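Please read the points alongside the sequence and the coordinates.

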There are 4 protein chains.
Amino acid sequence: MATSTRVGVWLVGACGGVGTCVALGVAALQQGLMDETGLTTAVAPLNQLPLNSYDQIVIGGHEIRQGRFLDTVREFQQRSGIFSQQLVDACSEKLAEFSDNIRPGTLINTGETIQKLCDWEAVPTKESPGEAIARLKEDLALFQMKYQLSQVVVVNVCSTEPPTPLSEVHSSLAKLQQAWQYKSEPSPLPASSLYAWAAVESGMPYVNFTPSLGSQFPAFTELMKQHNGIIAGQDGKTGETLLKSAIAPMFLARNLKIHSWVGHNIFGNRDGLVLNDPRNKESKVKTKDKIISSVVGYKPQTHVSIEYIESLDDWKTAWNHIHFSGFLGVKMVMQLIWQGCDSILAAPLVIDLARLVLHAQREGETGVLRYLAPYFKAPLSEDDHDFFHQVTELHKHYFGASA
Amino acid sequence: MATSTRVGVWLVGACGGVGTCVALGVAALQQGLMDETGLTTAVAPLNQLPLNSYDQIVIGGHEIRQGRFLDTVREFQQRSGIFSQQLVDACSEKLAEFSDNIRPGTLINTGETIQKLCDWEAVPTKESPGEAIARLKEDLALFQMKYQLSQVVVVNVCSTEPPTPLSEVHSSLAKLQQAWQYKSEPSPLPASSLYAWAAVESGMPYVNFTPSLGSQFPAFTELMKQHNGIIAGQDGKTGETLLKSAIAPMFLARNLKIHSWVGHNIFGNRDGLVLNDPRNKESKVKTKDKIISSVVGYKPQTHVSIEYIESLDDWKTAWNHIHFSGFLGVKMVMQLIWQGCDSILAAPLVIDLARLVLHAQREGETGVLRYLAPYFKAPLSEDDHDFFHQVTELHKHYFGASA
Amino acid sequence: MATSTRVGVWLVGACGGVGTCVALGVAALQQGLMDETGLTTAVAPLNQLPLNSYDQIVIGGHEIRQGRFLDTVREFQQRSGIFSQQLVDACSEKLAEFSDNIRPGTLINTGETIQKLCDWEAVPTKESPGEAIARLKEDLALFQMKYQLSQVVVVNVCSTEPPTPLSEVHSSLAKLQQAWQYKSEPSPLPASSLYAWAAVESGMPYVNFTPSLGSQFPAFTELMKQHNGIIAGQDGKTGETLLKSAIAPMFLARNLKIHSWVGHNIFGNRDGLVLNDPRNKESKVKTKDKIISSVVGYKPQTHVSIEYIESLDDWKTAWNHIHFSGFLGVKMVMQLIWQGCDSILAAPLVIDLARLVLHAQREGETGVLRYLAPYFKAPLSEDDHDFFHQVTELHKHYFGASA
Amino acid sequence: MATSTRVGVWLVGACGGVGTCVALGVAALQQGLMDETGLTTAVAPLNQLPLNSYDQIVIGGHEIRQGRFLDTVREFQQRSGIFSQQLVDACSEKLAEFSDNIRPGTLINTGETIQKLCDWEAVPTKESPGEAIARLKEDLALFQMKYQLSQVVVVNVCSTEPPTPLSEVHSSLAKLQQAWQYKSEPSPLPASSLYAWAAVESGMPYVNFTPSLGSQFPAFTELMKQHNGIIAGQDGKTGETLLKSAIAPMFLARNLKIHSWVGHNIFGNRDGLVLNDPRNKESKVKTKDKIISSVVGYKPQTHVSIEYIESLDDWKTAWNHIHFSGFLGVKMVMQLIWQGCDSILAAPLVIDLARLVLHAQREGETGVLRYLAPYFKAPLSEDDHDFFHQVTELHKHYFGASA
């Protein structure tokens with residue numbers, strides 16, 4: 001049984017690849033134009049939960065580039081060769097409505113590469129962190145009011161920011177707020193954290209689908225407690241890392257010794273362009289690289305590279321070369337080639353997470369939703385990267401040991 | 001704590017690839033020349049079980065080709081480029097001892113291709129099933145007596161037989177025994193079943209590491225009951241099928257719809273030569289092909305081919321092409337290339353199974369050991385092919401729900 | 001300088017994958033909607049030849065299935081995810097015009113699988129070979145007259161027929177014609193040969209882009225002489241075989257010894273469905289399998305398989321595994337994975353061949369155009385399968401040794 | 001007919017992977033223990049040239065690490081799993097003799113990573129360029145005298161040096177010699193150039209099988225003229241780049257438009273360790289990256305990475321992903337996976353080059369041997385990277401247009 005009122009899904013980075021596919025996907029699902037392939041909440045046992053129906057969802061979001069969903073959907077058609085014209089035509093009205101809910105985001109500490117992408121004059125260039133938070137909160141409140149939404153979840157689906165080095169100033173709420181009152185530049189927090197801040201102060205759950213800082217510093221924990229905040233994250237596990245967390249357990253179970261695991265990723269969408277900046281890439285490689293040793297319990301040599309290859313557009317291609325020994329010291333090789341459309345893999349997980357997090361809020365849960373680990377490359381407060389352990393724990397959370 | 005007396009591991013097809021690697025492996029482990037990579041009983045949690053130590057193991061077996069372990073080990077060195085000279089030299093004495101325990105096997109219903117490989121004059125060419133069973137039992141008894149073995153386990157590691165069509169005659173013990181008393185040719189049972197018969201009548205557990213018939217017909221169930229038989233099987237899950245049973249669950253968990261799963265296997269050892277005979281291949285492809293649909297719950301198009309490519313020797317190479325849809329109907333591809341030394345992958349599992357089955361016998365277990373499912377492509381009496389479910393069940397069997 | 005009048009390209013199997021892409025391609029080129037990628041006659045040195053311009057080309061053809069180009073183009077959009085809606089819309093008028101030139105073909109000796117695909121009532125089911133030839137010639141004559149075409153070339157782009165065993169009756173024109181006058185069934189000739197016959201008797205060049213029999217029997221040579229026929233063939237070299245003929249020379253040049261070359265092809269279009277019938281497949285595997293030994297001068301073990309995997313549609317995927325030795329006997333591996341849209345690879349070569357063959361006819365050439373070898377898997381009267389030798393010879397034909 | 005006296009092959013970096021395989025290979029060939037697989041001079045048409053027989057070859061060389069060929073051969077056995085014990089035993093006497101001819105090399109400007117590998121006390125640490133050249137020349141003279149060698153060729157098979165920026169001082173012989181007379185540190189020349197210098201002043205041909213500077217600066221051209229020097233180079237084309245230069249011409253011939261060509265190389269031998277230093281890697285990536293655009297005539301996006309993955313030892317594994325468009329703008333993919341033993345691929349080419357260069361010297365040739373282009377990634381004074389054009393030119397050089 002689904003609940004009866006409307007809910008909002010607020011996408012930070014709305015018109016990026018993931019945001020666009022979420023918007024198109026929700027529009028298509030609302031009209032019954034597509035089956036639920038890719039949605040984990042559509043199959044047993046999660047399909048038994050009282051989650052919001054697709055009809056109840058309204059999409060809005062922050063963006064730093066001009067443009068509407070229909071434009072970015074067309075870009076997918078032209079550059080990546082996906083989405084039939086019929087599907088797009090049938091969804092254009094809904095996409096137009098969702099597009100009207102897009103508001104200017106913030107560029108604070110997003111790094112040069114992301115800042116260069118900004119072509120929307122409405123995005124403020126001079127703004128203190130406090131001003132930004134206030135403005136973002138107002139956008140969220142207006143969205144909620146406009147549609148009389150019972151709940152809103154904020155999901156970060158932006159391109160990856162450069163890492164933010166943590167220091168004394170991040171250690172408590174008091175120090176942090178003091179810091180930005182007296183000196184607005186440079187901001188101690190990046191955009192991802194300001195969006196998270198605005199969400200939590202608005203009583204809305206925040207999901208970090210990226211490796212950006214978001215809620216991950218001590219002062220934020222204080223903020224969470226003050227506001228009964230709900231967070232989930234971080235960095236959506238969509239392709240190559242999903243494979244790693246599913247295959248590494250097999251090597252462990254068979255006691256095959258992994259010597260080296262090389263992952264070479266190439267892709268050409270805007271996220272790839274941003275990751276081509278070594279500062280932004282640093283955040284990403286970090287979350288991709290620790291899975292293997294965490295699962296097998298020792299440290300094979302690992303190498304992860306990510307390269308921007310423009311012609312591939314959204315088609316992430318990953319080559320994985322796993323060199324291992326079997327019995328009597330014989331060395332063997334397994335290779336994986338993954339050719340997936342990155343945004344298409346991510347979008348249904350965003351919808352799943354939105355539905356699961358809204359459900360958690362209705363159930364009165366607060367804090368970090370650790371059981372959502374199977375959806376993330378770097379699950380918050382969780383160290384077990386074995387995908388099947390994670391799924392088992394998720395099911396246990398909802399349905400107990402019998403799951 | 002390990003038990004204190006010696007036990008026998010009787011290999012049917014002793015000097016084949018798997019048998020040779022088992023013999024060399026046990027010799028190397030007994031002398032501490034190799035670590036335990038590849039042995040699942042060497043890592044947590046199975047390493048907590050009171051299993052036989054490697055020192056306690058004595059190897060013997062049946063063969064239809066002339067030759068001794070040192071010869072077949074040298075063949076591996078020359079053809080597949082594995083095993084250092086130092087390792088082989090250090091193990092030659094023990095291999096010689098094990099070789100002295102090899103006795104002539106039976107060719108009954110093994111098919112033309114296997115029969116052509118027979119070059120040992122001592123292997124009987126005219127023998128009724130009853131005579132064969134009696135002879136095989138005598139070999140087992142003499143082996144046990146020679147070394148004063150507390151237990152012996154019989155493991156079938158032969159090349160794959162052609163399928164045996166089951167009929168009325170296999171439906172009860174009475175009919176079967178009557179059949180071969182009156183008419184010895186053609187035998188209603190293939191060699192694999194005669195070895196199983198001999199094992200069970202000798203009070204020894206039987207492990208079927210091949211897709212051959214073995215114990216899988218109703219009359220054998222009666223025999224099992226009469227003798228409190230113990231069996232495990234069938235068809236060791238070593239490479240490509242292991243991958244399938246580990247990766248298919250990931251597609252299910254993410255609700256990605258598999259359209260087709262193509263597996264193309266090439267290899268060039270004697271097993272490959274035998275499988276090149278379409279009659280023998282039929283048995284094999286059957287056990288390899290049903291994994292996927294069993295895990296995901298629907299029937300994608302599947303194709304499995306196995307080709308004998310002489311130059312590859314023991315290096316099984318498998319290309320897997322998985323075509324699937326994600327959200328919004330977008331089709332994607334995952335490809336796997338597995339380059340493994342087949343016998344080296346199989347051998348430690350044979351040692352694991354021998355240790356686990358001997359332990360079961362000491363614990364007073366009888367019948368089919370269903371919990372050994374993770375070791376087999378076609379687990380007896382088990383339908384769940386999800387590798388991680390299988391491993392969870394195995395651990396639960398030994399250590400309860402906390403495992 | 002191009003010639004000034006219009007010419008016809010008559011496609012046998014017009015609405016198949018290749019035919020459809022030829023029609024769409026010509027329509028697009030005529031309107032300047034597409035660049036000339038894929039057309040070998042568009043780049044140096046072949047672009048210097050006085051070939052027909054795209055504007056001069058009119059498309060017609062024989063078919064055994066109902067339907068028009070716009071339908072089959074839409075099928076490509078839906079099933080294989082290619083061709084933008086804009087392109088298709090812009091070409092629809094021209095495609096409609098080409099579609100009006102499609103006439104019922106013949107089913108004689110095309111095999112059961114192809115016959116089952118026939119859903120056009122206008123295709124005769126009872127017809128002697130002589131009647132069929134007469135009817136096909138009439139279609140060609142009407143086409144030529146309708147557009148006042150200066151020349152017409154007939155190109156066979158049908159699915160592959162089962163092999164036709166040659167016998168006494170094929171050895172001379174007299175015997176053959178006598179045979180079908182007295183007894184119309186079974187026909188001594190398959191459809192591909194009847195189309196070729198009609199073309200040659202109509203004074204039109206015939207290009208066999210398939211492995212079907214076509215012109216390859218002694219009686220046809222007589223017919224060619226009587227009519228100054230022009231033929232080119234056979235079996236377009238589009239993907240995997242192209243790779244083989246380009247890469248094998250490298251192994252020869254470096255004196256690397258190839259042990260085995262395994263090629264596993266999967267695809268799901270209508271051609272694939274037809275090749276799924278073992279009788280039709282037999283014709284195909286034959287032309288794919290002899291390239292390697294022809295180039296390197298010895299016989300490595302080769303294996304070619306072709307499997308129909310429905311979900312792939314026109315996306316032919318080929319895995320090639322090449323096992324070879326280098327210096328000091330060290331064995332190494334090269335693997336190739338080719339993911340190409342088969343019809344898209346073939347279509348520009350059909351346009352190239354049509355233009356080159358029409359040019360040859362204007363130059364007064366007759367007989368087999370041997371120099372067109374680089375376009376074919378099984379070049380008529382040519383044994384050198386080295387792709388680069390073939391290209392060198394082609395250029396020499398047109399431009400002499402300086403090329 | 002081969003000439004009758006003995007010749008020397010002097011390996012700079014003698015006990016590296018390539019040098020070791022050359023020494024073992026020559027020893028094996030001299031005893032008829034191995035066939036000539038991998039040697040391009042062993043097959044038509046080059047086998048018709050009057051080249052030195054293997055029996056006439058004596059091996060010597062410079063090294064900066066202690067050790068003898070038998071040790072490095074054993075390292076190959078243990079780490080890369082190649083070379084049977086029988087082969088090594090049979091060659092040990094000859095390897096011992098060759099090892100006695102190894103002399104201390106020079107570390108000048110080889111970079112920190114290479115310098116750290118030096119463990120031989122006899123290698124001078126303080127030496128001016130002039131002193132080094134004099135010492136190296138003396139080593140060469142003593143080697144020639146000891147064996148009464150009619151000719152000696154010097155081949156650089158060292159690990160790659162960091163790039164040397166060229167300046168005014170390299171522009172003439174006078175400036176250069178003046179420079180090092182007055183100030184010995186830092187040397188204006190790296191080791192590779194000092195070896196080349198010593199060779200040319202000794203009247204010996206110099207082959208640069210590496211991307212290091214060697215002879216590539218204006219002053220060296222003067223030196224060449226003074227001494228009638230002979231050089232060939234540079235950077236042996238053994239694996240991935242060979243593939244590129246063989247496959248890119250196919251894309252050109254078919255007018256398929258390459259969008260991107262990504263090459264990801266992993267390997268773990270000492271050369272790989274040296275290339276792991278970004279300064280040394282810079283020299284290498286440069287020669288690997290320009291092949292494609294040179295062949296196809298436009299600039300696709302290319303990416304070449306080389307990573308040191310220790311467990312792979314000498315097994316260079318290269319994944320190549322080629323993204324291209326065919327007709328009507330359809331994007332397709334070709335992928336190559338190359339698993340080759342790098343030193344084994346290189347060694348026979350070194351022997352080929354030594355034989356061909358010694359032949360050239362006997363023929364009275366001087367200067368850069370441009371026709372040896374097919375052996376090099378960055379052929380000196382040659383811009384055509386099409387492998388088949390290069391081979392055609394090579395054959396023409398020796399046998400004229402009829403080749």
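1. Accessibility terms. A residue is called buried when its relative accessible area is under 20%, exposed when that area is over 50%, and partly exposed in between, with a 1.4 Å probe and protein chains only. By this scale Arg103(D), at 40% relative accessibility, is partly exposed.

2. Basis of the note. The model is predicted: local features need pLDDT of at least 70, side-chain atom pairs count only at pLDDT 80 or more, and totals for chains, interfaces and linings use all residues. Residues are numbered from 1 along each chain as its sequence is written, chains are lettered from A and ligands numbered from 1 in the order in which they are written, and side-chain values use heavy atoms, with hydrogens and water left out.

3. Salt bridges overall. A salt bridge is counted when a side-chain nitrogen of Lys or Arg lies within 4 Å of a carboxyl oxygen of Asp or Glu. Over all chains the count is 44.

4. In chain B, Asp100(B) and Arg68(B) form a salt bridge with an N to O distance of 3.1 Å. Asp100(B) is in the loop between helix H3 (85-99) and strand S3 (102-104), and Arg68(B), 32 residues apart from it, is in the loop between strand S2 (57-63) and helix H2 (69-80). Helices (H or I, at least four residues) and strands (E, at least two) are DSSP runs, numbered from the N terminus. In chain D, Arg68(D) and Asp100(D) also form a salt bridge, at 3.0 Å, N to O. Arg68(D) lies in the loop between S2 and H2 of chain D and Asp100(D) in the loop between H3 and S3, so the pair ties together parts 32 residues apart in sequence. Both residues count as partly exposed, Arg68(D) at 34% relative accessibility and Asp100(D) at 48%.

5. The Arg103 and Asp139 pair. Arg103(D) and Asp139(D) form a salt bridge in chain D, at 3.4 Å from N to O. Because Arg103(D) lies in strand S3 and Asp139(D) in helix H5 (residues 129-147), the pair ties together parts that are 36 residues apart in sequence. Asp139(D) is buried, with a relative accessible area of 7%.

6. The interface of chains B and D. How many residues of chain B are in contact with chain D? Seven residues of chain B are in contact with seven residues of chain D. About 370 Å² is buried between these chains, with 32% given by carbon and sulfur atoms; buried area is the accessible area (1.4 Å probe) that two parts lose on being put together, summed over both. Zero salt bridges are found across this interface.

Conventions: Contact means heavy atoms within 4.5 Å.
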